Amino acid sequence: MALSLCLVAGCDKEPAGTTPPKDGETADAGKGGKGGKGDKGNKGDKGDKGDKGSEEPVDENDPTKKVCPAEVGEYPAPYFGDTVLLRLPKGVTEDNFVEMQPGFVRASPEIESVSCIEGIPGGVISFMALSSFMEEKDKTMAVYKDETLEAFGYLGVKISEEQIDEGKRFYQAVLDVPPAPDQGKPEPARALFKMQAANDMVYAIVYETHPNAWNALKETFMESANRMSFLAPQ
């Protein structure tokens with residue numbers, strides 16, 4: 001896949017004459033409009049929540065069970081010539097999430113991030129990357145998923161919580177990654193993987209941590225991915 005990237009500095013800089021879309025939206029090329037959020041639909045009757053006494057209690061002091069609130073940057077960081085605005089997870093900055101080669105941004109390894117239990121270090125982001133490449137309109141997001149996972153080095157992963165919308169050119173899933181000692185990865189991992197097409201480009205992002213740190217970081221990963229927004233090139 002052909003990759004291209006122009007990394008820029010300045011978290012809150014706006015391209016000249018352009019109003020950035022709200023978090024999670026797309027400004028189309030030549031239109032300056034916002035991408036549709038779609039019909040949220042009828043949430044329906046939530047129904048009976050059941051007997052809470054039958055549920056297993058969660059040990060709030062167990063750092064592997066505690067779900068921490070999301071913590072992302074106050075301002076979005078711009079990437080790919082100001083075409084992507086990304087709220088970086090806690091601990092990730094424009095100094096440690098940088099262009100490694102054209103079209104590919106990667107975080108420094110072992111970045112400590114969110115913790116919500118006093119005295120417990122934050123969960124560690126073991127891998128985070130963002131890529132961009134030209135969109136081929138006749139290629140499905142399912143095919144892009146297979147190609148991009150392979151390019152990111154994710155082979156033999158278990159996929160869950162999969163969401164795919166070919167009409168909106170969107171894909172998202174959780175990956176369970178087995179250990180690969182021969183590749184220097186002796187521990188398993190869990191990752192959030194998202195792809196979105198916008199303005200004739202496809203953008204892919206992945207956030208990875210150890211399964212034991214997933215609950216501490218998953219809301220932060222989701223918040224960062226969901227608030228990623230896109231601007232047309234100037």
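Residues are numbered from 1 along each chain as its sequence is written. In this predicted model, local features need pLDDT of at least 70 and side-chain atom pairs count only at pLDDT 80 or more, while totals for chains, interfaces and linings use all residues, and side-chain values use heavy atoms, with hydrogens and water left out.

**Exercise 1. Identify the disulfide and state which parts of the chain it ties together.**

Step 1. A disulfide is a pair of cysteine sulfur atoms within 2.5 Å. The structure holds one, which joins Cys-68 to Cys-116 with an S to S distance of 2.1 Å.

Step 2. The link of Cys-68 and Cys-116 is left-handed, with -80° about the S-S bond.

Step 3. Cys-68 lies in the segment before strand 1 (77-79) and Cys-116 in the loop between strand 5 (111-112) and strand 6 (124-134), so the pair ties together parts that are 48 residues apart in sequence. Helices (H or I, at least four residues) and strands (E, at least two) are DSSP runs, numbered from the N terminus.

Step 4. Buried means under 20% relative accessible area, exposed over 50%, and partly exposed in between (1.4 Å probe, protein chains only). Cys-68, at 3%, is therefore buried, whereas Cys-116, at 30%, is partly exposed.

**Exercise 2. Determine which residues and elements build the largest nonpolar core.**

Step 1. A nonpolar core is a set of buried Ala, Val, Leu, Ile, Met, Phe, Trp, Tyr and Cys residues joined through side-chain atoms within 4.5 Å. The largest has 31 residues, of which Tyr-79, Leu-86, Phe-97, Met-128 and Leu-130 touch the most other members.

Step 2. Two or more residues come from each of strand 1, strand 2 (84-86), strand 4, strand 6, strand 9 (189-198), strand 10 and helix 2 (214-226). Helix 2 gives the most, with six residues.

Step 3. A second, separate core of 22 residues includes Ala-129, Phe-152, Ala-204 and Val-206.

**Exercise 3. List contacts of Met-128 beyond its neighbours within four places in sequence.**

Step 1. Contact means heavy atoms within 4.5 Å.

Step 2. The partners of Met-128 include Leu-86, Leu-88, Pro-89, Val-92 and Phe-97. Also among them are Val-105, Arg-106, Ala-107, Ile-205, Val-206 and Tyr-207.

Step 3. In soluble globular proteins, nonpolar side chains tend to be buried together.
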